[in-house]
Amino acid sequence: AAETTAAAETIPTETPTATLACPLAVASSYTFDSNLLCWTTNNLLTNTTVSWASGPAGSPSGGGALQAAVSYSTSAQVTEEFELPLPANTDLTGKVVTFRIYIENSVKGTAWGGGIQPYMKYGSTPTNCYAGWTNITGFGGWYSYTMNLGSVCTTGGTDVRAIGVQVIIAA
């Protein structure tokens with residue numbers, strides 16, 4: 001099984017010392033400078049783990065990255081989700097969310113790569129709103145994937161409970 005990470009394979013992982021109260025207040029940027037900032041996995045594959053990695057090469061923040069160990073199948077398409085919980089009634093009306101993602105070369109399937117779908121969850125009984133499928137731009141480097149919440153999610157923008165990204169890897 002291959003793994004996808006938000007950092008290069010040789011990056012050492014560290015245990016951050018800060019303890020955070022989640023969910024965090026909304027920020028204009030989540031840099032992963034020193035910790036995971038409450039990001040987590042929905043663990044759809046039941047064995048996915050996330051950790052903080054220091055100093056990955058090319059990291060957009062230069063300080064760190066969320067690193068995920070995901071066991072992808074070599075024979076079937078699989079999906080995993082990573083998200084940041086937000087306080088109730090977070091208003092993201094008209095906002096644009098950009099995810100910088102690194103996926104290792106070893107994860108690419110033989111037929112085609114897969115896709116990325118940014119999403120938001122809204123309401124007290126969370127409803128998902130997904131951006132359209134975007135083919136994975138590339139492997140072995142940092143790539144940006146954007147979701148314009150105002151044009152994609154026409155309802156729920158005033159009560160966003162989480163933002164996240166779904167990664168779909170083809171066999």
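Predicted model: local features only at pLDDT ≥ 70, side-chain atom pairs only at ≥ 80, totals over all residues.
1. **The core.** Start with the largest nonpolar core, which has 37 residues. The members that touch the most others are Trp 39, Ile 103, Ile 116, Met 120, Ile 163 and Ile 169. If you want to trace this core by strand, look at strand 3 (64–69), strand 4 (78–90), strand 5 (96–102), strand 6 (114–122), strand 9 (142–148) and strand 10 (160–169), each of which supplies at least two residues. Strand 10 gives the largest share, 5 residues. As background, nonpolar side chains in soluble globular proteins tend to be buried together.

2. **Ile 169.** This one is worth a click in the viewer. Ile 169 sits in strand 10 and has a relative accessible area of 1%; buried means under 20%, so Ile 169 counts as buried. Leaving out residues up to four places away in sequence, Ile 169 touches Tyr 72, Ala 76, Gln 77, Val 78, Ile 103, Val 107, Gly 113, Gly 114, Ile 136 and Phe 139. Take Gln 77 from that list: 92 residues separate Gln 77 from Ile 169 in sequence, yet their C-alpha atoms are 5.7 Å apart in space.

3. **The disulfide.** How many disulfides are there? The count comes to 1, and the bond joins Cys 129 to Cys 153, with an S to S distance of 2.0 Å. The torsion about that S-S bond is about -105 degrees, so the disulfide is left-handed. Cys 129 belongs to strand 7 (residues 127–130), while Cys 153 is in the loop between helix 1 (149–152) and strand 10, so the pair ties together parts that are 24 residues apart in sequence. Are these two cysteines buried or exposed? Both Cys 129 and Cys 153 are buried.

4. **The aromatic pair.** Searching the whole structure turns up 3 aromatic pairs. One of them is Trp 39 with Phe 99, an edge-to-face arrangement with 6.1 Å centre to centre and 85 degrees between the planes. Trp 39 is in the segment before strand 1 (40–41) and Phe 99 is in strand 5, so this pair ties together parts that are 60 residues apart in sequence. Both Trp 39 and Phe 99 are buried.

5. **Back to the core.** Two residues picked out above link up with point 1: Trp 39 and Ile 169 are both among the core members that touch the most others. Ile 103 is another name on that list, and Ile 103 also turns up among the contacts of Ile 169.

How values were computed:
Residues numbered from 1 in each chain as written. Heavy atoms only, no water. Core = buried A, V, L, I, M, F, W, Y, C linked by side-chain atoms within 4.5 Å. Buried < 20%, exposed > 50% of the residue type's maximum accessible area, 1.4 Å probe, protein only. Helix = DSSP H or I, 4+ residues; strand = E, 2+ residues; numbered from the N terminus. Contact = heavy atoms within 4.5 Å. Disulfide = S-S within 2.5 Å. Phe/Tyr/Trp six-rings, centres within 6.5 Å; stacked < 30°, edge-to-face > 60°.
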